[in-house]
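This report describes selected parts of one protein chain in plain terms. Please look through the sequence and the structure below before reading on.

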Amino acid sequence: FEIAYYGIVIALAMVAGICIVMWAAKKTGQDPDQYFNLAMVAIVVSLLCARLYYVIFSWDYYGAHPEEIFNFRGGGLAIYGGVIGGVATCIVYGKIKKLNYAVLMDTACIGLVLGQAIGRWGNFFNREAFGGYTDNLLAMQLPLDAVRLSEVTAEMTAHEQVIDGVTYIQVHPTFLYESLWNLGVLAVLLTLTLKGFKKFNGEIVLCYILLYGAGRFWIEGLRTDQLLLPVVGLPVSQLLSAVLVVVSLALILVFRGRAAHRTSNVG
């Protein structure tokens, strides 16, 4: 069978994520092997949840083609579903192993965001998850016959270019935007983790949710392949990103305030 570039990229993302998490665990005085064991479970659960999330919000298609639900090679994974699966796995794993699951999530999210930064390049090889028409410095041209027509807008069509007999559309490379954004998020999380700025357990994962959600809200608005909520027709990931940004920011402020109050009382 064929081995797709997307699969290779995702596999590399997983390996890189595991490696940096084990490194971060060692740097913070934790057992790296616990995170390797956690990853073996979390990866499987997250893939299943990423698929389930995509299927739920694409039910118009999968309801009519139920045999395609488990056809992972046909495409269709949603990162927010994977994040939900990863969080659930950390909570359950922490309870079983009697470990602080907030600490587990703080460390694991470092590998998650690196994996996302690498994994987004799978969209490049698949020529998918792009944005609308643009003529900015980072604009990307794609052969029209290499993309799904449902993702081609009227504005793209109006700006088609024919080069050597091949018709191209010009789009926002949203995979690149998100990859670069995630590398920035990774730098912030590593700084918070290694420089002692963390004030409470769970703060790093909340910062991840806040920062990733903010970037995703912006980038999702550019994309032409959005999953939409039934009836209301709003982009699912953009709406979820907005909610997560507000909730995570509120929790950070509350828990930082409590941590400062405890410190002042001790003083």
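## Strands, helices and salt bridges

In the hairpin of β2 and β3, D164 takes a positive phi near 55 degrees, and two residues lie between the strands. The model is predicted: local features need pLDDT of at least 70, side-chain atom pairs count only at pLDDT 80 or more, and totals for chains, interfaces and linings use all residues. Residues are numbered from 1 along each chain as its sequence is written, and side-chain values use heavy atoms, with hydrogens and water left out.

Helices (H or I, at least four residues) and strands (E, at least two) are DSSP runs, numbered from the N terminus. Two strands pair if DSSP finds at least two bridges between them.

Strand β2 (residues 161-163) runs antiparallel to β3, and three bridges join them. Within this pairing, V162 has T167 in β3 as its bridge partner. Strand β3 (residues 166-171) is also joined to strand β1 (residues 140-143) by four bridges, and this pair runs antiparallel. Here L142 stands opposite I169 in β3. In a regular strand the side chains alternate between the two faces of the sheet.

Next come two helices. The expected span of a helix is 1.5 Å times one less than its number of residues.

Helix α4 (residues 79-97) has 19 residues and reaches 26 Å from its first C-alpha to its last, close to the expected 27 Å. Its buried residues (under 20% relative accessible area; exposed is over 50%, partly exposed in between, with a 1.4 Å probe and protein chains only) include Y80, V83, C90 and Y93. Several glycines are buried in α4 too, among them G81, G82 and G85. Just after α4, K98 takes a positive phi of about 60 degrees.

Helix α5 (residues 101-119) has 19 residues and reaches 25 Å from first C-alpha to last, close to the 27 Å expected. Helix α5 is mostly covered, with 15 of its 19 residues buried.

How many salt bridges does the structure hold? There are eight, a salt bridge being a side-chain nitrogen of Lys or Arg within 4 Å of a carboxyl oxygen of Asp or Glu. Side chains of opposite charge can pair when their charged atoms come close. The table gives some of the pairs.

| Salt bridge | N to O distance |
|---|---|
| R148 and E128 | 3.7 Å |
| R148 and E151 | 2.7 Å |
| R256 and E203 | 2.4 Å |

R148 forms a salt bridge with E128. This pair links distant parts of the chain, 20 residues apart: R148 is in the loop between β1 and α7 (154-158), and E128 is in the loop between α6 (121-126) and β1. R148 is partly exposed, with a relative accessible area of 45%, whereas E128 is buried at 15%. E151, which also meets R148 in a salt bridge, is buried with a relative accessible area of 4%.

R256 and E203 meet in a salt bridge through their side chains. The two are 53 residues apart and link distant parts of the chain, with R256 in helix α10 (residues 236-266) and E203 in helix α9 (residues 203-220). R256 is partly exposed, with a relative accessible area of 32%, and E203 is buried at 2%.

A network of salt bridges links R216, E220, R223 and D225.
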